Amino acid sequence: MLQHSRPTGEFLAGIRAIFPLVVAVIPIGLVFGAVSATKGLSALETTLMSALVFAGGSQFVAMDIWMHPASWIGVGFAALLVNIRHVLMSASIGTKMQSFSIIRRYAAMLFLADELWAMAEFRAGSGRLTPAWYAGIVTPFYAAWVGSSLAGALLGAFLGDPAVIGLDFAFPAVFVVLVMGFWKGPETGAILATSGVAAVATHHFVPGVWYIAAGALAGLAMALWKGKVREQAA
Amino acid sequence: MTLDINTLLAILAMALATISTRISGLVLIRHIKLDERWKTAIEAIPPAVLMAVIAPTAFATGWAETLACAATALAARRLPMLASVTLGVATVALLRAAGF
């Protein structure tokens, strides 16, 4: 019993930590399901996409460029482009998974959605990231995303336009909150400013989703440059 | 409940693309030695990625979104996440209704 209580406690703590994001993701999943219904996907197809891809951003982009019959090259390449940031995210969180076995590390990466990654980074920064805690944030979030996609696909047109009540803003709002949590002083400010300017400029001049990779790489370059200046000063 | 073969192929292609990006970072760090510069870069990843994702919404969509992002950021300094997000969503809905 005692041996079980610690992982169980960690699992429950994970569920508590992810709860606000579960609430935030349900309207987004409903919208995704409703949008995919208007694009001619069946409820089964929509649910399969949410369960297998499990990356909201790339799923919305796929709906944006969806054709009949579906083009696997088109949406596959778009998903690669939208999710290229996951390479950086996985490299970063991978250095903080000391208590995960190798197999668990790879299993954990399959569920590396933005929100789960950000929460895990946060946890690693303020304590120890354990497999049980990670399972605690993944389970309800994954269930909520897949379940709300299915519900959205079934309800379809009944849902109306989410922009009227601002629900489309839940996802950016969560990210704003998380960005504030990563603030560590002026150097973070320089990274944020560089990433933001590069992303907005790229978004303005280059069609598609290159802005995410451009902003992220510009922010990284700024961090490396600041690090070099610090090295030389020392 | 239909399952079109082209749709299934498209979903599998998306899944494969997504999984390979999520795995490759882990593979990458197993094959490089983490010196000080790599650590600096890896520490910068969370804020750099998050900012790049939200920047067009925050700065280039409209006044309602920009002001709501600012309100959310200010709220996040004091309030828990759910309260800050709710405040942001309410702000953007009110501003859009007001015609911003």
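This is a predicted model: local features need pLDDT of at least 70, side-chain atom pairs count only at pLDDT 80 or more; totals for chains, interfaces and linings use all residues.
Helices here are DSSP runs of at least four residues, numbered from the N terminus.

View 1. Leu224(A) is found in helix H11 of chain A, which covers residues 210–233. Because 15 other C-beta atoms lie within 10 Å, Leu224(A) is partly exposed. Setting aside residues up to four places away in sequence, Leu224(A) touches Arg37(B), Thr40(B) and Ala41(B). Leu154(A) is 70 residues apart from Leu224(A) along the chain, and the C-alpha atoms of these two residues are separated by 48 Å.

**View 2. The contact between chain A and chain B.** Chain A brings 75 residues to this contact, and chain B brings 60 residues. On the side of chain A that touches chain B, helix H9 (residues 170–181) gives the most, with ten residues. Sorted by class, that side of chain A holds 52 nonpolar, 19 polar and four charged residues.

**View 3. Helix H5 of chain A crossing helix H2 of chain B.** The axes of H5(A), residues 85–94, and H2(B), residues 36–60, come within 9 Å and cross at roughly 135°. The two helices are therefore oblique to each other, and their crossing is left-handed. From H5(A), the residues Arg85(A), Leu88(A), Met89(A), Ala91(A) and Ser92(A) take part, and they meet Ile42(B), Ile45(B), Pro46(B) and Val49(B) in H2(B). The residues of this contact divide into seven nonpolar, one polar and one charged.

**View 4. Helix H5 of chain A crossing helix H1 of chain B.** Here the axes of H5(A) and H1(B), the latter made of residues 5–30, come within 7 Å and cross at roughly 45°. H5(A) and H1(B) are therefore oblique to each other, and the crossing of this pair is right-handed. The residues that H5(A) brings to the contact include His86(A), Val87(A) and Gly94(A), while those from H1(B) include Thr21(B), Arg22(B) and Ile29(B). By class, the contact of H5(A) with H1(B) has eight nonpolar, six polar and one charged residues.

**View 5. The largest nonpolar core and Ala52(B) within it.** This core has 104 residues, and the members that touch the most others are Ala170(A), Val174(A), Met14(B) and Ala52(B). H2(B) supplies the largest share of the core, 13 residues. Which residues is Ala52(B) in contact with, leaving aside its neighbours within four places in sequence? They are Ser195(A), Ala199(A), Tyr211(A), Ile212(A), Gly215(A), Ala216(A) and Gly219(A).

**View 6. Two backbone features in loops of chain A.** Most residues other than glycine have a negative phi, and most peptide bonds are trans. Phe54(A), a residue other than glycine, has a positive phi, near 50°. Phe54(A) has its place in the loop between helix H2 (43–52) and H3 of chain A. Is Phe54(A) buried or exposed? Phe54(A) counts as buried because it has 24 C-beta neighbours inside 10 Å, and the cut-off for a buried residue is 20 or more. Pro69(A) lies in the loop between helix H3 (56–64) and helix H4 (72–82) of chain A.

Key. Residues are numbered from 1 along each chain as its sequence is written. Chains are lettered from A and ligands numbered from 1 in the order in which they are written. Two residues are in contact if their C-beta atoms, placed from the backbone, lie within 7 Å. Ala, Val, Leu, Ile, Met, Phe, Trp, Tyr, Cys and Pro count as nonpolar, Asp, Glu, Lys and Arg as charged, and the others, Gly among them, as polar. A residue is buried if 20 or more other C-beta atoms lie within 10 Å of its own, exposed if 12 or fewer, and partly exposed in between; C-beta atoms are placed from the backbone. Axes are lines fitted to C-alpha atoms, for helices over the stretch in contact, and angles run from 0 to 180 degrees between N-to-C directions. Angles under 35 degrees count as roughly parallel, over 145 as roughly antiparallel, 65 to 115 as roughly perpendicular and the rest as oblique. A crossing is left-handed if the near helix is turned anticlockwise from the far one by less than a right angle, and right-handed if clockwise. A nonpolar core is a set of buried Ala, Val, Leu, Ile, Met, Phe, Trp, Tyr and Cys residues joined through C-beta atoms within 7 Å.
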